[in-house]
Amino acid sequence: MKGRFTILVSVIICSGLILNSCRTGHAQMPNIVVICVDDLGYGDLSCYGDADVPTPNVDKLANEGLLFTDAYATASICTPSRYSLLTGRYHWRSTTSWSVGKIKDVSIAPGDAGLIIDTSMITVPKVLKKKGYVSGVVGKWHLGLGPAGGPDWNGEVDLSPLDIGFDYSFIMPATADRVPCVFVENRHVVGLNPADPIRVSYEKPIGDTSQIYNPDVTPDVIVTYTPENERRKGEVLMQPSFGHDQTIINGIPRIGYMTGGQSALWKDDEVASTFAGKAIDFIDKNSKKPFFLYFATHDLHVPRVPNKAFAGKSKIGIYGDVIMQMDWTVGQILKRLDELKLTENTIVILTSDNGPVIDDGYNDGAYEGIKAHRPSGKYREGKYSAYEGGTRIPFIIRWPKEIKHGKSGAMFSQVDLLATLSDIVGNRNTDNYGIDSRAFKEVLTGKKDRGRDYVVIQNMNKTLSVIKGGWKYIEPSDKPRLNQYTRPVTDLGNMETPQLFNLSNDPDEEHNVAREYPDKLKEMELILADEKK
Ligand code: NG6
Ligand code: CA
């Protein structure tokens, strides 16, 4: 009798424990918010030592979390960088995934590119789903949609984030300087009037020629876009400095041709607040489940159109205004997490997709206003380049429950996010990791300060570099050395001879020491050759 009673009590206690763990099981899984800021430079944030632009919200994140000094994006441009972040695979390896689009050799996806991530590939949201996560993407996508040539903008958008693991999607299809200038929510263009269908071409003008940019008839530059300057057909509110000379939408000439969809056009000065609102809605709706939000802000990317709350507010002109706007957005997210009492067990990562650029194709005043501010900090060049400014990016992680405030000098690559997040949520089956992704849970949580042995990065021409133990090797390339479409002109780092730099004493990559250190050069060449196999 006594034995039976003991068994009964044990059963009751055990089932109580099981029930309890079921109830709290989900609550214990951390929520994950990855904020991918477009074109944010290593030198753009005060927590990284810059005093030119106030970024109190990002600084708060850094003050409560762990700030990485040696973190890398895998590419110095958007599409390949984001591809790696979501798939754990270097984009330069791609063969199959490009087959869905017609842009095999182009690194920056046009606005009518087909979905670049193959639907059979492993992705961060797919791995997290195995652990019960609900995933959402809000913001700039730039990884293609639909089959080659783009989706049916007027019907169901097939081959979208929803087909690679996301449960919710509210996106700008490519960039704000590429048509179509509409948001896509799940499988439909938002606010589309069927009587005014969207047509898109990246080959030739279509439809109404008064909407096509013509430098001979357009008025002078109006640097700051204001809501009062509403959409005036055919008039230019912001002049291009390079390219960006096709369809004028909301007074801003863009890349690509587009007609129709007038009721669906986004308002440029409201893109940031729209994204913030949608991100918050996603958090609100899913606050009771473990969620993953990939939140890709656009503010710093051209065309820069700060809302009037930020226009003219920084000391360094429009370039600083859009950083302040980005910081406000981050603040909105952090505030909501606080209000929902989710802060303690939510991992918030803030990083950038590639290095910074001052004039990226518009006379928006950034070049004139920026004064002594150095967007790449102490590093050489920025967006597009193989030099450090191209891919060494801010990376901050906050997770109050597990991570103590501090700084880490460990090398970390965004390609490792997939495996590391998998590990963090207890999904240790490495079949689920992308082929280039390695798990660095203890590094990201600040328990170890030795991360990757080396990282591999690419510039806009797919020229590869290896960074290891304070050394940097850039492989030889016959591609053009300069990108003339930025101001100042960008040195892409393409040279016909190998380059080797000792970053420890030459962070500026001024002295190519390839001849002086043949053994080191060989070692780095072999690492790259091995990676390429
Ligand atoms: C370039 C555009 C630039 C920007 C970039 C993509 C011109 C002259 N330049 O081709 O403005 O859109 O592509 O940036 O058109 S990224 O951050 O999305 O990679
Ligand atoms: Ca970018």
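Which residues line the second largest cavity? In this predicted model, where local features need pLDDT of at least 70, side-chain atom pairs count only at pLDDT 80 or more and totals for chains, interfaces and linings use all residues, the lining is made by Pro110, Gly111, Ala113, His142, Leu143, Gly144, Leu145, Pro151, Trp153, Pro173 and Ala174. Residues are numbered from 1 along each chain as its sequence is written, chains are lettered from A and ligands numbered from 1 in the order in which they are written, and side-chain values use heavy atoms, leaving out hydrogens and water.

A cavity here is a set of points, on a 1 Å grid over the protein atoms alone, where a 1.4 Å probe fits but cannot get out, and lining residues have an atom within 4 Å of a point. The structure holds 3 cavities of 30 Å³ or more, a volume being the space filled by probe spheres set on the points.

The largest cavity holds about 110 Å³ of space. Its lining includes Met172, Ala176, Asp268, His298, Asp299, His301 and Arg304, and divides into 6 nonpolar, 3 polar and 3 charged residues.

Conventions. On a 1 Å grid over the protein atoms alone, a cavity is a set of points where a 1.4 Å probe fits but cannot get out, and a pocket is an open set with protein on both sides within 12 Å along at least five of seven lines; lining residues have an atom within 4 Å of a point. Ala, Val, Leu, Ile, Met, Phe, Trp, Tyr, Cys and Pro count as nonpolar, Asp, Glu, Lys and Arg as charged, and the others, Gly among them, as polar.
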